[in-house]
Amino acid sequence: MKYNDIRKTFLDYFESRGHKIVPSASLIPNDPTLLFTVAGMVPWKGILQGTEAPFAPRVADVQKCIRAGGKHNDLDEVGFDGRHHTFFEMMGNWSFGDYFKEGAIEMSWELLTKVMGLDPAKIRVTTHISDEESTDLWRKIAGKEAIRLGDKDNWWSAGDTGPCGPCTEMFYDFGDDIENEDDRWVEIWNDVFMQFDRDANGNLSPLPKQNVDTGGGLERWGAMMQGVRDNYDTDLFRALITATEDTVGIKKTDENTASFKVIADHLRAVGFAVADGVIPSNTDRGYVIRRILRRAMRHGQILGHRGALLSRLYPALVTEMGAAYPELAAQQRRVVEIIQNEENAFADLLQNGMKLLDAELPKINNGVLPGDVAFKLFDTYGFPLDLTQMILRDKNIDVDTAGFDAAMREQKERSRANTKGTRVLWESQTDLPATDDAAKYAPDDDMESRVLSILRNGEFVNGADAGDEVEVALDKTNFYGTQGGQVGDGGELVGGNGTLMNVTEAARAGDVVIHKGTLTAPLNVGDVVHTKISTGVRAATARAHTATHLLQAALRHVLNEDVEQRGSKVSPDSVRFDFSFGRAMTADEKQAVEDLVNKWIAADMPVLHEEMSLNDAKARGAMALFGEKYGDTVRVITAGEDGAAPVSCELCGGTHVYHTGELVKARINKEKSISSGIRRITMSVGPLAE
């Protein structure tokens with residue numbers, strides 16, 4: 001059974017069992033603690049921990065994941081065995097307060113043995129030592145006697161406190177001729193039962209809603225279903241390796257297998273990440289992808305290849321995985337251009353870095369490259385430490401890693417001394433209720449609200465005085481908090497005797513809107529206030545946000561349909577819009593875009609604000625930010641008609657005008673490059689444009 005067949009069979013089965021099938025979320029997680037989506041549960045973290053409401057009781061998906069940075073890092077293992085990957089696909093089915101242990105175990109067993117046709121004798125199951133219920137269910141459902149394991153093996157928790165519970169794992173026998181038990185019995189499935197809430201004293205209490213979180217790696221399933229022991233011997237990887245052989249001009253052998261594995265794996269990680277909007281850079285996830293790409297290029301050089309590699313192999317990735325992930329084909333031109341630019345830049349860096357390395361090699365007399373030289377290669381030429389080690393390994397030369405680390409620490413200390421630290425406030429206030437959805441985008445009329453919290457000088461207080469700079473959370477508000485590129489509202493909090501606070505900015509912390517500003521009178525927790533937004537600022541920001549939608553539509557019309565939003569900032573009468581495009585716009589193109597936006601403004605077309613099902617929005621052709629998870633009900637902003645189709649139709653939660661004529665006029669100010677394959681336009685609207 002091939003990869004595409006396994007995905008389809010898996011999803012079809014769970015759809016037949018009442019699950020809502022959803023596409024993979026982006027590799028860029030909505031979680032500041034993670035560089036990438038590292039597991040199937042990451043997109044559902046809020047629901048599983050009870051901070052978000054589920055949009056369906058049971059769900060199934062195949063989630064793309066990357067583990068190559070931070071504490072979730074398999075990069076150094078890739079290529080040297082048959083089971084490690086930087087990019088992988090995680091199949092999962094999820095119950096949000098619906099079925100629990102019996103349903104999960106029953107479906108797991110039916111899927112593995114009846115649907116996939118695995119031999120029950122080749123499956124071994126484990127349960128937690130305390131989980132009598134799951135152990136009994138395995139006897140009842142499958143006639144299996146589970147192996148009972150301790151906390152570290154079969155217990156899941158979100159942290160020291162909070163949701164936790166036992167899990168049951170399924171292992172498959174890859175052959176009795178394999179001596180190593182870990183290589184013979186490979187985990188293929190895991191059912192996690194989020195059953196308890198653990199307090200600070202370690203006491204467990206049942207959760208009001210108990211969830212099921214499952215997962216199985218598709219690459220392992222590919223090996224299992226195709227009767228091979230090495231994931232890289234499956235149909236998907238064989239095809240990518242064959243494409244690599246054709247590109248580098250040599251065949252895979254026992255001696256060079258590691259390099260072919262690295263290139264095939266890294267092609268997937270780089271291709272999918274760039275398609276999801278990650279741009280190779282020197283920081284954060286951009287640096288991880290740059291490092292992976294350069295590692296692949298180095299292995300290409302080991303095979304004797306020079307020049308572009310992953311950019312030439314990307315079409316093979318689209319051929320193999322484009323049906324399951326249509327974003328690969330949709331983004332192909334942009335992705336190939338970004339990868340190719342990065343490969344060209346690294347080729348120059350590699351040439352210059354090798355000059356330094358070649359100059360240092362004769363100075364080595366103990367078989368070890370000094371750490372400060374390795375750091376100079378990293379700092380000046382972009383050589384990751386592992387790349388330097390890889391180059392020197394062939395020459396039987398080690399690297400002084402302790403010296404490298406010391407040089408890195410010294411640089412960080414210098415950098416830290418020249419920068420001022422900042423603090424993220426409100427992040428620990430998990431007990432604050434979410435902003436009332438109906439009120440969040442309410443009209444300009446004031447609203448009666450109650451003060452929940454006051455933050456002054458970084459500390460929560462019960463009350464504050466006139467003149468204090470504070471941040472205030474209310475139980476509900478009609479202030480729009482900064483989100484989705486749109487800046488927050490300004491205005492006032494008003495009491496019985498007049499203004500209590502001048503709100504200079506409304507920000508967001510999760511689903512809570514934070515009102516920042518200066519008090520003009522004393523304010524206490526529990527006080528009742530009226531929220532009064534600045535109508536002029538709201539109107540100017542709404543003009544700019546609708547103009548942003550018209551700008552994107554005009555860019556796609558004048559340039560091409562591949563243009564896609566990569567970021568924005570919507571301020572009063574001012575737009576900054578980042579988009580994917582591989583070259584500078586010509587003067588004629590910029591004028592054509594500006595003229596088209598102004599044509600739509602002059603037509604005074606209606607702008608509709610509607611709520612509808614996600615399926616209806618897709619049927620209408622509404623554009624969305626790729627990779628976002630949307631609920632069943634979404635907000636759609638539709639601007640006018642241009643023939644038979646709307647000028648613009650997008651999923652959007654921001655504030656907008658009701659007729660394009662309210663924008664008055666638009667003017668493009670600048671267009672420039674901000675990174676490889678990404679351009680930025682700034683545009684003025686309304687009075688600023690005039």
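Trainee: Which ring does the charged end of Arg-124 sit over?

Mentor: Keep in mind that this is a predicted model. In it, the charged end of Arg-124 lies over the ring of Trp-185, 3.8 Å from the ring's centre.

Trainee: Are Tyr-13 and Phe-14 buried or exposed?

Mentor: Tyr-13 is buried, at 7% relative accessible area, and Phe-14 is buried as well, at 1%. Ring pairs also tie these two into a cluster with Phe-10, Trp-189 and Trp-221.

Trainee: Now helices. Which residues of helix 4 are buried?

Mentor: First, the general idea: an α-helix has 3.6 residues a turn, so residues three or four places apart point the same way. Now the case here: helix 4 spans residues 132-142, and its Ser-134, Thr-135, Leu-137 and Trp-138 are buried. These residues cover an arc of only 160 degrees around the axis, which puts them on the same side of helix 4.

Trainee: What covers the buried residues of helix 4?

Mentor: The cover includes helix 3 (101-115) and several strands, among them strand 6 (123-128), strand 9 (162-173) and strand 10 (185-198).

Trainee: What comes just after helix 4?

Mentor: Gly-143, which takes a positive phi of about 65 degrees.

How values were computed: Residues numbered from 1 in each chain as written. Predicted model: local features only at pLDDT ≥ 70, side-chain atom pairs only at ≥ 80, totals over all residues. Heavy atoms only, no water. Buried < 20%, exposed > 50% of the residue type's maximum accessible area, 1.4 Å probe, protein only. Helix = DSSP H or I, 4+ residues; strand = E, 2+ residues; numbered from the N terminus. Arc of directions from axis to C-beta. Contact = heavy atoms within 4.5 Å. Phe/Tyr/Trp six-rings, centres within 6.5 Å; stacked < 30°, edge-to-face > 60°. Lys NZ or Arg CZ within 6 Å of the ring centre and 35° of its normal.
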